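Keep the viewer open as you read along.

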Amino acid sequence: MFNLKKSASELTPANSVGDMKYVQYSTQRTVVGDSFSNGTMHIKYTSSGRKWWVPKRSYIRMRVSLKDAAGAQLSLANDIAPNMNLVANLFQSMEFRINGQVVSRISDYVPQIDTLHKRLTKSKSWLESTGASTSAMHHSFNKRQTLITSNTTSSDLNILDGNYGGNNIGLDFTVGAANTMSSAANGVITFAAGGGAAIPALTGIVKVGDYLYFTDIDALQPTNGGEKKIRRVTAVGAATITVDTAPGLLKVSGARDLLLGDVSLVKVEPTTNADALEFIWQPCLSIFNLDHALPSGNYELVLQPQTSTVYKQLAIESVLGAKVPGAGNDFTLSVVDMYLYVAEVEGPRVDNMSYYIDLNEINCQRRDVQAATGLLSEEFTVSPSTHALTLAFQDSRAGSSSTLYSQSKFKVAQADVAQAIKETNLTRMYIKYAGQNKPQPDADPSFKIENAEDYMVQRYTDSVLYSGTYFSQGGAETINEYRERGPYYHFAWPKEQSDRSTRVTAHYQFSAGLANATCLLFSHFKKAALITLENGVVTNVSVEEM
């Protein structure tokens with residue numbers, strides 16, 4: 001803050017960095033198709049002379065084919081979406097080596113750590129734009145689903161009958177008592193005042209391509225049988241809406257009273273119309289957080305994929321039922337290719353030098369939550385250099401073969417609509433470490449739809465304040481996105497440098513006992529790597545916790 005530049009030589013020149021380019025590196029074994037899960041992947045590369053590489057600008061590109069069981073493009077009716085942060089879900093551990101020495105490692109829980117890291121360090125704007133476009137980071141299942149589905153039709157949307165609440169934006173066409181609605185066989189639905197309030201201009205409310213959800217099935221029932229309560233809008237007038245009749249002709253009916261909630265507007269995102277997707281993903285290893293270049297060295301990225309029995313299921317998410325991969329089942333998934341792209345720049349030649357790399361590691365530990373309603377506690381052992389802690393809860397079935405439970409979300413029983421927010425029934429929580437309790441006093445959050453109660457704002461605010469995303473120009477994720485991805489409770493933990501405490505106790509209490517739940521503790525700690533070069537070659541790498 002107070003380090004002013006005192007001479008012209010300290011100013012940054014216009015051309016301080018040479019031309020940056022990307023160099024493609026492949027794994028030492030094939031990862032295409034069913035070979036993806038066949039053991040550890042090694043990606044090696046070497047820089048020397050004037051070649052430097054920039055970790056923060058390097059990334060993995062993966063291409064994935066995702067289709068239905070017959071090899072055709074998926075539709076909304078298939079109830080399949082790319083899992084949030086898809087690529088991270090394909091790996092169970094990873095590490096980065098310099099001259100064969102491990103400098104950064106994640107030994108387990110890669111999807112949980114990777115997703116938390118992005119939520120702690122990236123703004124809402126990044127998560128919903130770049131992250132959603134490159135890594136399927138969008139919180140909404142429906143929006144991720146449109147990345148892989150074909151152009152939607154009315155029949156595709158039968159899946160929303162009984163589950164439409166996830167898409168319904170709550171716009172009702174009730175405009176006053178005694179208003180009426182009538183339908184014709186040609187798909188024209190007419191709204192009339194009928195003695196009630198004037199009908200607003202529908203052209204300012206509904207657009208062609210929107211969908212209408214009809215609560216009263218008699219108001220819009222095909223003459224050929226079968227209930228199609230959702231119809232695509234094909235034309236809009238001042239007081240009329242024309243809907244698609246492909247699922248069947250509309251029953252001709254006389255005018256009837258327009259009741260509260262009879263008709264709701266359903267917004268469905270435009271589809272990408274692709275069954276082969278490209279993902280850009282940067283591993284959450286701390287080496288990739290460095291925004292400065294590194295000189296000569298022999299570098300190696302080591303990735304351990306999930307096993308052949310689960311990795312395809314872990315790549316996707318479903319809502320209405322568990323999905324099984326393979327021909328004749330629900331979907332097919334195949335990795336088309338995967339490459340590491342290393343950002344290289346021209347820099348000064350380094351012959352003899354010793355330098356430090358500052359690393360911020362994240363470790364995750366898991367404990368089963370006891371199905372009890374009293375105050376519970378779990379103990380964990382962390383690094384003495386821990387400077388922050390994060391607590392979250394997740395369904396114990398996440399990481400299994402079921403597509404109903406995502407490792408990228410801190411949710412419990414997310415597949416059961418009636419229990420979809422069990423993790424938000426937290427009524428008391430605090431963490432004890434290094435002689436400090438946080439928060440102080442104990443947290444008393446809860447979010448109960450049935451009681452119209454939302455006491456999570458303080459916990460949300462503290463978490464985004466401690467992470468720093470509160471101050472980001474792009475803002476932090478909203479509280480609803482925070483809940484949809486699953487709440488986390490993050491605390492910075494400054495302490496005396498001489499304090500080498502390693503014991504953490506997490507205390508928590510839920511309003512009702514949680515079944516199939518786990519408690520996740522993430523510890524954020526510091527490491528340093530000392531790299532020594534002699535005659536342009538790395539001769540020593542030593543790593544220690546700070």
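Over the face of which residue does K122 lie? The answer is W126, with K122 at 4.9 Å from the ring centre. Please keep in mind that this is a predicted model.

**Charges over rings**
- Besides the pair of K122 and W126, K438 lies over the face of W493, at 5.0 Å from the ring centre.

**Aromatic pairs**
- The count of aromatic pairs comes to 22.
- Y25 and Y45 make a tilted pair, with 5.2 Å from centre to centre and 40° between the planes.
- Because Y25 belongs to strand β1 (residues 21–26) and Y45 to strand β2 (residues 41–47), their pair ties together parts that are 20 residues apart in sequence.

**Nonpolar cores**
- The largest nonpolar core has 105 residues, and those touching the most other members are F36, F91, F96, I287, M338, I357 and F393.
- Beyond its neighbours within four places in sequence, F393 is in contact with residues including V369, F410, L426, Y489, Y508 and F510.
- A separate second core has 10 residues, among them V206, L212, I241 and V243.

**A buried glutamate**
- E95 sits in strand β5 (residues 91–98).
- With a relative accessible area of 11%, under the 20% cut-off, E95 counts as buried.
- The E95 side chain has polar contacts with the side chains of R97, at 2.7 Å, and R105, at 3.1 Å.
- Not counting residues up to four places away in sequence, E95 touches several residues, including V102, S104, L285 and E300.

Methods. Residues are numbered from 1 along each chain as its sequence is written. This is a predicted model: local features need pLDDT of at least 70, side-chain atom pairs count only at pLDDT 80 or more; totals for chains, interfaces and linings use all residues. Side-chain values use heavy atoms; hydrogens and water are left out. A nonpolar core is a set of buried Ala, Val, Leu, Ile, Met, Phe, Trp, Tyr and Cys residues joined through side-chain atoms within 4.5 Å. Buried means under 20% relative accessible area, exposed over 50%, partly exposed in between (1.4 Å probe, protein chains only). Contact means heavy atoms within 4.5 Å. Helices (H or I, at least four residues) and strands (E, at least two) are DSSP runs, numbered from the N terminus. A polar contact is a pair of N or O atoms within 3.5 Å; within protein, one must be able to donate a hydrogen and the other to accept it, and residues adjacent in sequence count only if both atoms are side-chain atoms. Rings of Phe, Tyr and Trp (its six-membered ring) pair if their centres lie within 6.5 Å; planes under 30 degrees apart count as stacked, over 60 as edge-to-face and the rest as tilted. A charge sits over a ring if NZ of Lys or CZ of Arg is within 6 Å of the ring centre and within 35 degrees of the ring normal.
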